[in-house]
Amino acid sequence: MPIRESDVTEAALAVLQRDGFEALSLRSVADQLGVRHNTIRWHVNTRAGLLELMSDHVFAGCAAPPLPATAMERVRELFERLRAALLAHRDGARLITGVFTTGPETLAFAEAVIGSLIEANRTPQEATWLYWSVFYFVLGLTSEQQVDQHDRSAALRQALSKGTYPTLESVAPHLSTGDFDRRFDFGLTALLKGSTA
């Protein structure tokens, strides 16, 4: 039976889940499918192209109805869905960071967010820039969450123990907090409330 593009994407996501981002290659996906390397190249020629397929897949369903009727509640829900989708995949944030794709799922998500912001009386420029600001906030926070946190707090305490950075030392418990849900809620609320172009 012929290999479809969706088979390539699913195999690549399986490699990502099992082995992590660094292990992703056309060859590892071919091995996952039990086919020759050239079979994968029929659908995608480069690792960058593979990442584009995978990135668009991560967005799948993020903009699907039902969504809240109120525009700003809809924006919040959309970004909550995106964060959940990223966390559902090992190295999910790292996967889509820096990837430019015009895949249908990615565009549907951007359409839903920017359209909702314009509906909430943001200018087109403000809606677009706010979309990017929140998008990269979500990527950054999720990327931090998905990185191994082992020994980070201890390393930070040691670096601040010499008294060179008194302000940072005074806020150290907040710098090293792993309460990502509360940090996400705080940051998203602050960005959506304080946006001006």
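Pockets and salt bridges

Tutor: The lining of the second largest pocket comprises one nonpolar, seven polar and five charged residues. Here Ala, Val, Leu, Ile, Met, Phe, Trp, Tyr, Cys and Pro count as nonpolar, Asp, Glu, Lys and Arg as charged, and the others, Gly among them, as polar. The model is predicted: local features need pLDDT of at least 70, side-chain atom pairs count only at pLDDT 80 or more, and totals for chains, interfaces and linings use all residues. Residues are numbered from 1 along each chain as its sequence is written, and side-chain values use heavy atoms, with hydrogens and water left out.

Student: What volume does the second largest pocket have?

Tutor: Rolling a probe the size of a water molecule over the atoms shows where empty space is left. On a 1 Å grid over the protein atoms alone, a pocket is an open set of points where a 1.4 Å probe fits, with protein on both sides within 12 Å along at least five of seven lines; lining residues have an atom within 4 Å of a point. A volume is the space filled by probe spheres set on the points, which are joined across faces, edges and corners. The second largest pocket holds about 210 Å³. Of its 13 lining residues, E5, T9, L53, D56 and H57 are the closest to its centre.

Student: Which element gives the most to the lining of the second largest pocket?

Tutor: That is α4, with five residues. Helices (H or I, at least four residues) are DSSP runs, numbered from the N terminus.

Student: How is the lining of the largest pocket divided by class?

Tutor: It has ten nonpolar, four polar and no charged residues. The volume of the largest pocket is about 250 Å³, and α8 gives the most to its lining, with four residues.

Student: How many salt bridges are there?

Tutor: Side chains of opposite charge can pair when their charged atoms come close. A salt bridge is a side-chain nitrogen of Lys or Arg within 4 Å of a carboxyl oxygen of Asp or Glu. The count comes to eleven. One of them joins E22 and R94, at 2.2 Å from N to O. E22 lies in the loop between α1 (5-19) and α2 (26-33) and R94 in helix α6 (residues 92-96), so the pair ties together parts 72 residues apart in sequence.

Student: Is R83 buried or exposed?

Tutor: R83 is buried (under 20% relative accessible area, with a 1.4 Å probe and protein chains only), at 9%. Its salt bridge partner is D181, with the closest N and O atoms 2.9 Å apart.

Conventions. Helix = DSSP H or I, 4+ residues; strand = E, 2+ residues; numbered from the N terminus. Buried < 20%, exposed > 50% of the residue type's maximum accessible area, 1.4 Å probe, protein only.
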